[in-house]
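Work through the exercises below with the sequence and the structure at hand. Try each task before reading its solution.

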Amino acid sequence: MMARLVPHPLLSLTLVLVWLGLVNTFTLGNLILGTFFGFVIPMITAPYWPDRPAIRRPLKVAEYIAVVLWDIIVANVQVAMIILFKRESTIRSHWIPVPLELTSAEAITVLAGTITMTPGTVSATLSADGASILVHCLHTDDPDQVCRDIKARYERRLTEIFP
Amino acid sequence: MNFVAELLISIALVISGIFGFVGSYGLVKLKDTLQRLHAPTKATTLGVGGVLIASMIFFYSETGHISVHELLITLFLFLTAPITANFIASAYLARNLREDDLPKTPGDYGWSIYDDPPETGVDR
């Protein structure tokens with residue numbers, strides 16, 4: 001009964017919070033309307049979430065977000081330096097194939113988004129069987145090091161979050 | 001508005017302006033599509049982030065309420081920006097490069113733009 005009423009508790013909670021954020025004022029009416037959306041939308045869209053992975057360890061999620069935000073700031077400065085002070089002919093871009101240990105589609109989506117949002121690397125495509133991801137790096141002298149960084153900093157944490 | 005708030009807002013705006021400018025300059029300077037793709041990912045992170053932080057400080061010091069619209073803008077940007085970058089990269093791969101131009105995959109199957117996924121590949 002509870003599972004049918006709230007098929008996706010985390011999505012329900014997110015919808016309530018996003019609704020309260022959109023109206024930007026906390027009143028009882030907005031809370032009731034947000035809760036209504038939080039119930040109805042997951043029920044309608046439940047068929048589109050066939051086998052969603054459960055997110056374990058909320059603390060790890062907070063740690064992951066903090067690590068990514070910090071990396072974005074650091075990498076922004078690094079890439080700005082490359083654009084401003086490196087001559088065009090000395091910028092060496094590389095294609096880097098990164099083998100994946102993650103298997104769930106949601107986890108790979110988060111990893112691909114993270115790689116793109118941290119400046120200096122853009123994820124381009126997956127291999128046909130979803131076992132590796134193709135990353136374009138703006139400038140590096142050691143492509144293997146970039147691959148190791150991605151696996152050690154992001155993928156290792158994601159394997160702990162998505163079991 | 002007190003001096004500290006004005007100072008913080010000014011710093012955030014200047015930082016976002018610098019990174020917005022560098023991102024745009026990168027579009028002009030870098031030479032091919034994929035290198036240029038790196039520039040907008042900067043403009044949407046620190047460039048927009050600085051403006052949003054400035055906006056939050058401004059509304060907090062003016063009205064005393066914390067405005068959460070800025071956090072939602074960040075959330076939606078982080079959800080949508082990688083998708084566009086991904087599509088541009090995929091379209092570029094499909095139009096301008098052949099499989100030989102890219103490094104090999106570590107596994108048995110090629111990149112999804114050129115190779116069929118395992119299920120359909122067996123049937124043909």
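**Exercise 1.** Find the angle and the axis distance at which helix 2 of chain A and helix 4 of chain B pack, and classify the pair.

Step 1. Helix 2 of chain A and helix 4 of chain B (residues 69–96) pack at about 125°, and their axes are 8 Å apart. Helices (H or I, at least four residues) and strands (E, at least two) are DSSP runs numbered from the N terminus. Axes are lines fitted to C-alpha atoms, for helices over the stretch in contact, and angles run from 0 to 180 degrees between N-to-C directions.

Step 2. Angles under 35 degrees count as roughly parallel, over 145 as roughly antiparallel, 65 to 115 as roughly perpendicular and the rest as oblique. Helix 2 of chain A and helix 4 of chain B are therefore oblique to each other.

Step 3. On the side of helix 2 of chain A, the meeting residues are Val18(A), Gly21(A) and Leu22(A); on the side of helix 4 of chain B, they are His69(B), Leu71(B) and Leu72(B). This contact holds four nonpolar residues, two polar and no charged. Here Ala, Val, Leu, Ile, Met, Phe, Trp, Tyr, Cys and Pro count as nonpolar, Asp, Glu, Lys and Arg as charged, and the others, Gly among them, as polar.

A note on the model: it is predicted, so local features need pLDDT of at least 70 and side-chain atom pairs count only at pLDDT 80 or more, while totals for chains, interfaces and linings use all residues. Residues are numbered from 1 along each chain as its sequence is written, and chains are lettered from A and ligands numbered from 1 in the order in which they are written.

**Exercise 2.** How many residues of chain A are in contact with chain B, and which helix gives the largest share?

Step 1. Contact means that C-beta atoms, placed from the backbone, lie within 7 Å. By this rule, 35 residues of chain A contact 41 residues of chain B.

Step 2. Helix 4 of chain A gives the largest share of the chain A side, seven residues.

Step 3. By class, the chain A side has 21 nonpolar, 12 polar and two charged residues.

**Exercise 3.** Decide whether Thr159(A) is buried, partly exposed or exposed.

Step 1. Thr159(A) lies in helix 6 of chain A.

Step 2. A residue is buried with 20 or more other C-beta atoms within 10 Å of its own, exposed with 12 or fewer, and partly exposed in between. Thr159(A) has 16 such neighbours, so Thr159(A) counts as partly exposed.

Step 3. Not counting residues up to four places away in sequence, Thr159(A) touches Glu101(A) and Leu102(A).

How values were computed: Contact = placed C-beta atoms within 7 Å.
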